[in-house]
Amino acid sequence: MRRSLLQAIALVLLALVPATLSALFHPRRPAFSDPVGPGEIALAEVLRNPGSFLWVDARPDAEYLKGHVPGALRLMEDEWDDLVPAVLQAWPTGKPAVVYCSARQCENSKAVAARLREFNVGQVHVLKGGWEAWQGAQKK
Amino acid sequence: MAGRAEKMIVLLLRVIVGGVFFYAGVLKAMDPALFAKDVDNYRLLPIAGAAAVALYLPWLEIFAGAALAMGVWGRGASLVIAGLLAAFFIAIISAWMRGLDIVCGCFGHTAGKSNYPLSLLIDAALFAALCIVARRSQ
């Protein structure tokens with residue numbers, strides 16, 4: 001058993017060498033931080049004046065009902081035709097909109113934001129970190 | 001004769017399990033940025049953790065898989081692979097329970113959306129084969 005453990009430890013340590021080299025030199029190495037991407041907006045920036053944005057919630061109905069940003073209107077690609085009239089009606093020209101979905105990893109907000117931009121009503125941002133980031137900020 | 005057949009079966013299982021891990025590791029090591037996204041989708045780690053896993057895990061799979069397939073440090077490689085299979089099992093169950101609709105990332109980004117029962121079945125089959133190999137290894 002001791003020999004097995006030593007062998008396993010040796011393998012674990014050996015793998016560190018190419019992993020470190022990959023972290024330094026691999027052309028497709030991953031980022032260790034998540035900068036604000038194009039079309040995204042950081043929560044800190046939004047929280048300076050949350051009332052100046054139109055909030056759009058791109059999560060399923062069940063999640064929206066559990067909780068959402070105050071005043072947020074629900075809009076998902078699956079139910080676009082049913083939901084978009086209410087959003088357009090509530091969206092004054094020139095007012096920036098912030099679209100969010102459940103977390104950093106979800107893609108719904110990006111898809112909804114892309115389609116909303118086509119209306120040219122105002123700037124459309126995707127909230128970085130989504131609902132998870134919003135909830136985190138409320139807990140602080 | 002029976003002993004020889006048994007040895008052949010164990011050798012075959014060793015090469016299959018080791019080969020699967022070696023192959024999966026190579027696919028992931030080729031594009032760690034994409035694999036980091038797959039790891040991140042499990043929502044178990046912060047982004048830096050997902051990046052670290054995406055850089056390290058493929059190489060551990062490559063080394064352990066190669067060692068097992070070649071019969072060098074076989075017991076140690078079995079131990080590492082058993083640990084990896086247990087970790088994958090937990091991650092898959094956790095994603096399934098949370099209803100995440102994600103790419104498994106088990107073999108790089110080549111597979112489609114996760115088929116959780118199938119992923120668990122493959123995990124269990126590899127574990128069973130590994131148990132046979134480990135018991136029969138010297």
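Reader: Which side chains meet in a salt bridge at 3.4 Å, N to O?

Author: In this predicted model, Lys37(B) and Glu107(A) are joined by a salt bridge between their side chains, with 3.4 Å from N to O.

Reader: How many salt bridges are there between chain A and chain B?

Author: The count between the two chains is 2.

Reader: And how many residues are in contact?

Author: Contacts link 30 residues of chain A with 33 residues of chain B. About 2,500 Å² is buried between the chains, and carbon and sulfur atoms give 68% of that area.

Reader: Turning to the surface, which residues form a nonpolar patch?

Author: The patch consists of Met1(A), Leu5(A), Leu6(A), Ile9(A), Leu13(A), Leu16(A) and Leu79(B), which together have about 670 Å² of accessible area.

Reader: Where does the largest share of the patch come from?

Author: Helix α1 of chain A, residues 2-25, supplies the largest share, with 5 residues. Leu5(A) lies in helix α1 of chain A.

Reader: Why does Leu5(A) count as partly exposed?

Author: Its relative accessibility is 42%, and partly exposed covers values between the limits of 20% for buried and 50% for exposed. Leu5(A) therefore counts as partly exposed.

Reader: What about confidence: where in chain B is it lowest, and where highest?

Author: The lowest mean, 71, belongs to strand β1 of chain B (residues 106-109), and the highest, 96, to helix α3 of chain B (residues 47-70). Chain B has an average pLDDT of 89, and 93% of its residues score at least 70.

Reader: What ipTM does the predictor give the complex?

Author: The ipTM is 0.89, alongside a pTM of 0.76.

Definitions and conventions: Residues are numbered from 1 along each chain as its sequence is written. Chains are lettered from A and ligands numbered from 1 in the order in which they are written. This is a predicted model: local features need pLDDT of at least 70, side-chain atom pairs count only at pLDDT 80 or more; totals for chains, interfaces and linings use all residues. Side-chain values use heavy atoms; hydrogens and water are left out. Patches are made of residues with over 30% relative accessible area and no salt bridge: like charges are joined within 9 Å, nonpolar side chains (Val, Leu, Ile, Met, Phe, Trp, Tyr) within 5 Å. Accessible areas come from the Shrake-Rupley method with a 1.4 Å probe; for residues, only the protein chains shown count as cover. A salt bridge is a side-chain nitrogen of Lys or Arg within 4 Å of a carboxyl oxygen of Asp or Glu. Helices (H or I, at least four residues) and strands (E, at least two) are DSSP runs, numbered from the N terminus. Buried means under 20% relative accessible area, exposed over 50%, partly exposed in between (1.4 Å probe, protein chains only). pLDDT is the predictor's confidence in each residue, from 0 to 100. Contact means heavy atoms within 4.5 Å. Buried area is the accessible area (1.4 Å probe) that two parts lose on being put together, summed over both.
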